[in-house]
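This briefing concerns the nonpolar cores and the charged side-chain pairs of one protein model. Please keep the structure in view while reading.

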Amino acid sequence: MLSGHASGHAENLDVIREQGIGKVVIQMRDPRAAALSLVHYYEKLGSGSGLAGGQFSTIKKDFLRFVLWNNSWLKARDAGDIDIHVVRHEDLARDETAFMASIYDFLGLSLKDYPLVFPEKTVATHFRTGRTDEWKEVLDAETQAAMADVMRDIPCGY
């Protein structure tokens, strides 16, 4: 099992093929939520000034990066030569068991043979609320409209 933030671009796909990796699970997140979460993460680390401190402009840059990341994996999945299962962060937040069951099914695993055990949610594992739609309240209407335009032009699963 591999884990990381690599995109679905040609070089990375070549490595997957060369290593004989048969199945890939990609977890996507709404780019608007991912960009906002990243601002909060930087703020937590002390390396960002948050939305009030002028970091609002970085949301737009990070948003585009996340749109392109999602798009690269959707294109790789649709090309069909690598077996890619796309799951969404929002589904994980809504129903952890169903989310994991879809991955188990894709990998040919049985919940009976490998029962799920979820850790307790604490500040150590979940430093924020876990809301998937906070961006709707934080981003102004103009920014939301501009992001919707980008997402119409560049398919990203949302």
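**Briefing: cores and salt bridges**

Leaving aside residues up to four places away in sequence, F63 is in contact with P31, R32, A35, M147, V150 and M151. The model is a predicted one. F63 also belongs to the largest nonpolar core, where F63 and I59 have the most contacts inside the core.

**Nonpolar cores**

- The largest nonpolar core is made up of 15 residues.
- Two or more residues of this core are supplied by each of the helices α2 (31–45), α3 and α7 (141–153).
- Helix α2 provides the largest share of the core, namely six residues.
- Another core, of eleven residues, lies apart from this one, and its members include M28, W69, A76 and I84.

**The R17–D81 salt bridge**

- R17 and D81 are joined through their side chains by a salt bridge, with an N to O distance of 2.6 Å.
- This pair connects distant parts of the chain, as R17 and D81 are 64 residues apart.
- R17 is located in helix α1 (residues 10–18), whereas D81 is in the loop between α3 (51–79) and β2 (83–88).
- R17 counts as partly exposed because its relative accessibility is 37%, which falls between the limits of 20% for buried and 50% for exposed.
- D81 has a relative accessibility of 47% and therefore also counts as partly exposed.

- The side chains of D133 and R131 form a salt bridge with an N to O distance of 3.2 Å.
- D133 is classed as partly exposed because its relative accessibility is 32%.
- R131, at 33% relative accessibility, is therefore likewise classed as partly exposed.

Definitions and conventions: Residues numbered from 1 in each chain as written. Predicted model: local features only at pLDDT ≥ 70, side-chain atom pairs only at ≥ 80, totals over all residues. Heavy atoms only, no water. Salt bridge = Lys/Arg side-chain N within 4 Å of Asp/Glu carboxyl O. Helix = DSSP H or I, 4+ residues; strand = E, 2+ residues; numbered from the N terminus. Buried < 20%, exposed > 50% of the residue type's maximum accessible area, 1.4 Å probe, protein only. Core = buried A, V, L, I, M, F, W, Y, C linked by side-chain atoms within 4.5 Å. Contact = heavy atoms within 4.5 Å.
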